[in-house]
Amino acid sequence: MRRVLVGALMLASACREAPGPFTVERPFENDTSGRLTFNVNSDHAPAWNANSDSLYYSAPTFPGLPPAKGMLLSVPRRGGTTKPILSAVQLGLPRQPWLAAPVISADGNSVAFFELTDVKDEEFDLISCARPPAAPARDTIGTHSFLMEAVLRVRPLNSGGASDAARLTVPVAGRTYSETGDIQNTAHPFHRLFEVDGVPIFRASWSPDATRLAYSDGSNIRVWTIGQPASVILPGTEDGIMPAWSPDGTAIAFSKPFRGTASSFTCFGLMNGQVLPAATFTRTVYPFTRQNSQLMLIRPDGTGLRSLGEGDAPTWTADSRAIIAHRALSLFSISVESGTSTQIPNTLNAFEPALSRDGRFLSFARRIEAGTETNPKGNYDIWVAPF
Amino acid sequence: MDKLPHRVASGADGRFVIGAVPAGERDLRIAHIGYKPILLTRVQVRPGRSSDVNIALEASPVEVAAIEVRADRQRLIEPEVSTTHETVVGRELRELPVDALDQVLELTTGVSGGHFRGGRIGQEVYVVDGVELKNQLEASREGFGLELSPSSLEEVDVITGGFGAAYGSALSGVVSYTTRRGNPERWESRVAVTTDHWAPASWFRGFTGLSLSSGGPVSFLGPGATLFADVLAQGMLDADNRARGLTCLTPDDVGAELAAAIQNLAADAGTRDLYCPFSSSIIPNQRGDKLIGFARFDKPIGKLNLNASMLRNRTQNELYTSEFKYNPTYHLGQRFNGTLANVNAEWLTQKATGSTSFSVRTALMRLDRYLGVVDPSTFDGIDVAGFRPQSFKFLGEDFARKDIIEQISLGSAIPGYVVPGGVASSPFGTAGAGIFFTEGTPTIASWSRSDVLSTDIAAARYTPGGSMYRAGTTAKLYRVETYERALAHLAGSMPNYARFYPATLAAFGEANIQTDDGMHFEFGLRVEGFRSGIDFQADRSDFLSPVLSSSWKVSLMPRVGAAFPIPGMQGRSGIRFNYSRVAQPPDFRYFLDSTIGDSLRTDIRRQGNPNLAFEKGSTYEGGINHLFSDNVAMTLAGFRKTLDNLVSGNLQLGDVGQAGRFSTGDFGKVQGVEITMRARWSGISLRAGWALQQATGLSSGNENDSTLVGADPARTEFPLAFDRRHSGDISLFLGRAAGLEKAWSASLTTTVQSGYPLLRPEAGGGTGGRREVTQYLPWTSITDLRASWDFGDLPMCVRCSWRVVFDARNILNRKNILAMRTNTGTVGPTLGEVQLLANALPIPPASIPRESPAYVLTLDLDRDGIITPQEAQAARFAAALDRFDPTLFFGEARQLRLGFEVAF
């Protein structure tokens, strides 16, 4: 009997399982190359989560996600599949919002982001300009949008509710209507950055105590005390974009793009079968460039404005003693006190740096130059590197 | 009869008859004062026929002499039998390498693939302890539906030609099961376990079987009362294993064009990983199990023998489908439940001048089938080597079985059903869209339930001269429900539902007369009638069409047979012939409309016909038996079977009304020759047979319809779909399995069969898309082996003995092809068919980055992190090719099981 029992136990212990379902191979997870995204459209505004093991960012949608102009996504620091964050605000909705530039509060509990609204001059069958524009602001037949308004939304990161904790409407300058029906478009430098490269010029930044947000409306840097109906302009920050509040709360860094010289011309919006134009456009267009931006510093109370020289899309080190920003095709660490700078290796064409909470990793949006088969237009992808 | 209440005193001339002995191998005890008593073992008793036993007693001066035990010689020929039949006794059943009784039937000459002598599946009837049973609703599609465990049987008798008037509702065969009864002297039990979970991967298919049986006296219910119980539980990780497992098309499987495309796909470094990305020796999503429980109680009360039995079986398994193979959650599955309660009472008088019996049998049978989407929570429960005590749960089964009026008024989809789609979890990602469904569920839900109350009364008279006279009557009352919802995921889609109450009545009389010179004549007459019990509108496409009531259909079936020895051959040769008129009610499912498109308003394709008549035929058979020596005998039989009225199974597409209605307009004939051999030496027993036959006739199809009115009814006969020309079988028993008192035992079975015809489009196009047979499927063969070694007593267990069992299936690892595509004559499609499927949906224009949930590494042919539309296009061809996997075209896989048996 003992032998039988032993035999039975042996047989029972040898039981195997039916084959499981097919598993899709994802060998890029835990890939150490540092490249996290491959989107053929531009990914921007990386921001670390509290544990420094994932990055949030914004990107135009791609296959596998709902169609949207911009979504808030999360990707593991070691690479892998992205997932939409804040399901309640961007999944399963009758109208897919255009979201961008998520930023996480210092305590990791709250998120602020922008919902964007654009306008297209789609009502015309043809836009005819008086002379070929040297640097066209956009194609008004509807393939490009003209940023018109943004809403700064704040909510707990893990909220599944439909409503936000707070929200602020942010008008964007650049388009006016005259009483005669003429349309006047002015493509300011921030417009060009947004339209051409998708740069999140309005990106907000939390104050260390998570009660205020600094952001840009393209025209100025503003500080909003969360919950208040309006924000306050920081004086002297005209054209300021992409503010970054220092961890010690004493300063806000921002970049001021190069404005250059504008050109103006007139276009007409035409309708099929009509001889006379339905509308007249007066366009003023500034040149596009991501170089020659000035890195600026200002105190949250609007005093102490100063320049740290060339620099774009800044972020702070944890000790608030240095700023990391794009300068001369690369990222540099710039001392706030002395202004001296040190190039950070392997950051060619890197923008919008974000330092992990533990200070060990640096994430950034790297510009992939145009010309490859999969990136004919050039774009930005999210990368991460040890810091 | 030893261990049975049957006994009789012989006449002065020593002749005797014992009537109504249960079929099987029985022991006969003979005693006479002044003679040495004899226990004659293994006397073969056949159902409904007499068995001759001749005993010479030896004088003994000892007053109480020791009993002499003799084993009855196995009879190699039966010169008194005019029918063709094959008997497998319980001892052999327990030694054969089989898991189910249908595998035993396959070892009968003339039976292959469930077809009896070229007949369609369902043209046979099953008799369980004298009660004639059939899945009358859908036998041609689902088989019997009720299953017994091989270890619960005393005997299986398969009649393929010349069945007597006692049997009806069959055109091609009768399968008679005699169940075991408990030993009235002591309890005997047996436990057997076999499994292949220890076997190497190439022999492993995930099978585990447990068999328990026990029988003995129930003394507190009086002398002679016995109980027998049997449980069979089988767990299967792959309930329908196939020789190539989950496989893909290879260049050798297909035509030249597609073969070249496959070679290119497999050779290119970029697309190599897209070729056959999912293969496995065990087919996924085919988990299942079987549970059969049987109990029988016997009690003699004077001249009355009572027995009652209860059978309950449950077979359930997932069903692999190619389009859902990458769906991690939802799959089709099916569950069969069968229940049979049987009560028999037989009053028997035994005299030296003859034996008379009257019997009353009542049976209640329920067959319940469900086909639908398996609820994934089914697999959360207890699972022992693939066996689940609990029944499969199906999504929305409660809803689907809800009152039909209430269900329709709710108008909702079946709960849990979701539109199939999705691309995740497939190796082809978005390129597999519309080819594979990785999300959502299959869309069909169907079930059927048929209850039958059967009562029959019979009387029989057996004479010492070997003649037998029988008469009886049978009534069967049915309650049938069927439900089918093809688009169960769509709210508002309508199910096909029917509930009706058919009935059948039959009466028969037969005489089996044996003359003094050994000639046997059999005369019988059977009258059978049925009605569908449905009032119906003659033409469902015309609401003004009159409503008719179905009427009783009656068939008269004379049956004649004769068997006699050839003079001068000393009983070593015999000749036999028989003629039968046969008929069976058509499957009840043909009474019902069946639809495509799930809408009774617009998409009637086949209009059921509740007024269908009997399917009828005639069989003629002649044969000769010869005993070459005491060890070898052969039988040669020729037969011809005409099938005059068969239900036309397919109608022309788009036909509605009278033209699109089932009828019994098809016909055919089967003729053939069968050679069987029986041989027996010490420790060796051999049965072998070869059947050569031809089945031709008219079977309506989509392009040729025998029922067309006013047009061009098809009248050209083709080989019937079940026209298998050759089939051979061998059963070899060695050692203990052959009756030898040895520790070892082995049984080997082999079946060899030619293929079925392949109806292909007529060369040159033909007219009306006609088809022709230019090709037959390839030959198939399978060899199984079971061996055991008896290790004797089991320590620590009184009266226990144990043995180790090896059980191997398809030991030659034949990759038998069971089906082919009719248009190509291979297991694969044409290149054009693959391309058509690949191009059915446009490729999404957007590139897929690596971080996308839709990104699949294998689609990124250059591994640059982005799947371009061009890469997706290449992958889509690979996906379409993968969808055409030929997994289910192949036969059973090779398996090796190890186990043990304990008898106590």
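B:Glu132 and B:Arg526 are both buried. In this predicted model, the two residues form a salt bridge in which the closest N and O atoms lie 3.7 Å apart. Over all chains, the structure holds 62 salt bridges.

A further salt bridge joins the side chains of B:Arg369 and B:Glu142, at 4.0 Å from N to O. B:Arg369 is located in strand E17 (residues 354–373) of chain B and B:Glu142 in helix H3 (residues 139–142) of chain B, so this pair ties together parts that are 227 residues apart in sequence. B:Arg369 has a relative accessible area of 7% and is therefore buried, the cut-off being under 20%. B:Glu142, in contrast, counts as partly exposed because its relative accessibility is 24%, a value for which the class runs between 20% and 50%.

B:Arg803 and B:Glu901 also form a salt bridge, with 3.5 Å between the closest N and O atoms. Here too, distant parts of the chain are linked: B:Arg803 is in strand E39 (residues 801–809) of chain B and B:Glu901 in strand E42 (residues 895–903) of chain B, 98 residues apart. With a relative accessibility of 18%, B:Arg803 counts as buried. B:Glu901 is likewise buried, its relative accessible area being 6%. Both residues belong to a network of salt bridges that also includes B:Glu95, B:Arg190, B:Arg736, B:Arg786 and B:Asp790.

In chain A, 3 strands form an open sheet with antiparallel pairing, in the order E26-E27-E28. Strand E26 (350–355) and strand E28 (379–386) of chain A each have a single partner strand and stand at the edges, so one side of each is left without a neighbour in the sheet. On average, neighbouring strands of this sheet are turned by 20 degrees against each other, direction ignored. The antiparallel pairing of E26(A) with strand E27 (residues 361–368) of chain A extends over 4 bridges. Within the sheet, A:Phe351 stands opposite A:Ala365 in E27(A).

Technical notes:
Residues numbered from 1 in each chain as written. Chains lettered and ligands numbered in written order. Predicted model: local features only at pLDDT ≥ 70, side-chain atom pairs only at ≥ 80, totals over all residues. Heavy atoms only, no water. Pairing = 2+ DSSP bridges. Helix = DSSP H or I, 4+ residues; strand = E, 2+ residues; numbered from the N terminus. Axes fitted to C-alpha atoms, helices over the stretch in contact; angles between N-to-C directions. Buried < 20%, exposed > 50% of the residue type's maximum accessible area, 1.4 Å probe, protein only.
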